[in-house]
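I opened the notebook to record what I looked up, one topic per entry.

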Amino acid sequence: MAEVVVLEHPKSTYISKSISEELSDLGVHITHIGIDRSTFPNGEKYYRFQIDSNFDLLGKTSVYIASLTSDDDILDIFRVGSSLAQAGIKRRIFVIPYLAYLSMDREFHPGEVVTAKCNSQMFGIIGAANEGNVFLFLDLHYECILHYFEGPCLRVELKAQNALIRAIAEQNYPHDTLTMGSTNLRRAAWVNSYAQAMNIPISFIREKPKPDQAEFISQPDYIIGNVKGRRIIIYDDILRSGKTLINAAKCYMAAGATSVVGVVTHFAGYNEQSINDLANSNLEKIIMTNSHPITQSPLVQEIDKFVVVDVADIFTQCLYEILPTPEHMHRSSL
């Protein structure tokens with residue numbers, strides 16, 4: 001069996017396949033290991049690695065690829081990761097394109113549980129492989145999540161910005177008509193980095209608080225910057241219901257923008273209604289990465305308004321630096 005074994009969560013097969021093919025093209029010798037999963041009538045889960053001997057994984061490096069979209073997925077990575085260590089894996093690499101609870105990273109009201117921190121602490125105690133554990137993430141909502149881990153492990157946040165900017169360029173929009181926009185001021189630094197990279201002006205929406213301060217309302221007269229006659233590119237890292245993006249697009253259009261394009265790293269629409277609401281909105285296009293399995297839904301794939309960007313190569317490039325390859329072995333022998 002090869003030195004590197006690749007496993008995945010069933011919902012992440014699409015991105016696992018791309019990563020595996022790209023690694024093979026780069027000369028990394030990998031073997032795919034399936035995982036049998038089933039559920040007993042009482043709801044308990046059954047797992048079995050598709051191996052012939054208890055020694056098949058001994059001394060290997062594992063790459064487990066899983067977008068964590070729910071509590072079940074988070075418990076699944078704990079179970080699989082722990083079992084890999086017990087099977088003798090020497091190094092475990094966890095590729096996590098999407099991480100649930102990204103925005104639940106701090107306490108806003110007394111008594112609130114910081115769920116993102118609890119999850120990170122759980123990842124940190126999966127158990128140590130001999131050569132360590134590596135966690136690869138994409139565009140975390142806040143970098144503090146990396147510091148919530150406990151125990152010896154490497155945590156790396158990869159960026160989707162270059163891939164998304166290339167996708168914007170492929171739309172062939174006249175550059176002199178573009179302005180970078182936002183849904184609010186809370187992501188100002190991130191939005192500004194896109195504007196600088198694309199060398200275009202920037203505009204922000206300043207939100208008007210509701211009386212109870214719990215939510216915000218975006219209004220056209222709260223837009224910072226002149227957007228009349230401009231095509232607005234709104235960036236946000238996570239899109240769930242889509243209401244914030246749709247509302248922001250209405251505000252920009254009311255302020256004189258000619259069109260609005262949404263750009264998001266994590267498209268996490270959680271039901272068919274939210275996808276249809278976006279499809280029927282006045283957004284010209286919605287450009288997203290395929291970090292979340294919902295992007296593989298036929299409803300998303302078949303709607304021209306949605307542009308899905310494959311980010312497998314972002315993880316592949318990082319994995320190539322970590323995994324044993326003929327090139328690395330040649331260097332180490334010199």
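**Entry 1: the open sheet**

In which order do the six strands of the open sheet stand? I noted first that this is a predicted model. I then read off the order β2-β1-β5-β6-β7-β8, with parallel pairing. I looked up the edges next and found β2 (30–32) and β8 there. Each of these two has a single partner strand, so one side of each is left without a neighbour in the sheet.

Strand β1 (residues 4–8) and strand β5 (residues 61–65) run parallel and share five bridges. Within this pairing, I found V5 opposite S62 in β5.

**Entry 2: a hairpin**

I went on to strand β3 (residues 35–39) and strand β4 (residues 45–49). Do these two run parallel or antiparallel? They are antiparallel, and five bridges join them. I looked up T39 and found that its bridge partner in β4 is K45. β3 and β4 form a hairpin with five residues between them. In the turn, G43 has a positive phi of about 95°.

I looked up how covered strand β14 (residues 231–239) is. The strand is mostly covered, and nine of its nine residues are buried.

Which strands pair with β14? One partner is strand β9 (residues 178–181), which runs parallel to β14 and is joined to it by four bridges. In that pairing, G181 stands opposite I234 in β14. Another partner is strand β15 (residues 259–267), also in the parallel sense, over eight bridges. Here I noted I233 opposite V261 in β15.

I then followed the chain from β14 to β15. Helix α6 (residues 243–254) belongs with them: β14, α6 and β15 make a right-handed β-α-β unit.

**Entry 3: two helix pairs**

I reminded myself that two packed helices are described by the angle between their axes and the distance between the axes.

I recorded the crossing of α1 past α9 as right-handed.

For the second pair I took helix α2 (residues 71–86) and α3. They pack at an angle of about 15°, and their axes are 10 Å apart. Angles under 35 degrees count as roughly parallel, and α2 is therefore roughly parallel to α3. I recorded that α2 passes α3 in a left-handed crossing.

**Entry 4: aromatic rings**

How many aromatic pairs does a search of the whole structure find? I noted 10. One of them is F123 with F149, a tilted pair with 6.1 Å centre to centre and 35° between the planes. F123 lies in helix α3 (residues 115–124), and F149 lies in the loop between β7 (133–138) and β8 (154–158). The pair therefore ties together parts that are 26 residues apart in sequence.

I found F149 in another pair, with F135. The ring centres of F135 and F149 are 5.1 Å apart and the planes stand at 50°, so this pair is tilted. F135 is in strand β7 and F149 in the loop between β7 and β8, 14 residues apart. Both F135 and F149 are buried.

I wrote down the group as well: F94, F123, F135, F137 and F149 form one aromatic cluster.

**Entry 5: positive phi in two asparagines**

I looked up N172, which has a positive phi of about 60° although it is not a glycine. Where does N172 lie? I found N172 in the loop between α4 (161–169) and β9. N172 is exposed, with a relative accessible area of 65%.

N199 also has a positive phi, about 55°, and is not a glycine. I placed N199 in the loop between α5 (188–198) and β10 (204–205). N199 has 63% relative accessibility and counts as exposed, since the cut-off for exposed is over 50%.

How values were computed:
Residues numbered from 1 in each chain as written. Predicted model: local features only at pLDDT ≥ 70, side-chain atom pairs only at ≥ 80, totals over all residues. Heavy atoms only, no water. Buried < 20%, exposed > 50% of the residue type's maximum accessible area, 1.4 Å probe, protein only. Pairing = 2+ DSSP bridges. Right-handed = clockwise from strand over helix to strand, strands pointing away. Phe/Tyr/Trp six-rings, centres within 6.5 Å; stacked < 30°, edge-to-face > 60°. Left-handed = near helix turned anticlockwise from the far one by under 90°. Axes fitted to C-alpha atoms, helices over the stretch in contact; angles between N-to-C directions. Parallel < 35°, antiparallel > 145°, perpendicular 65-115°, else oblique.
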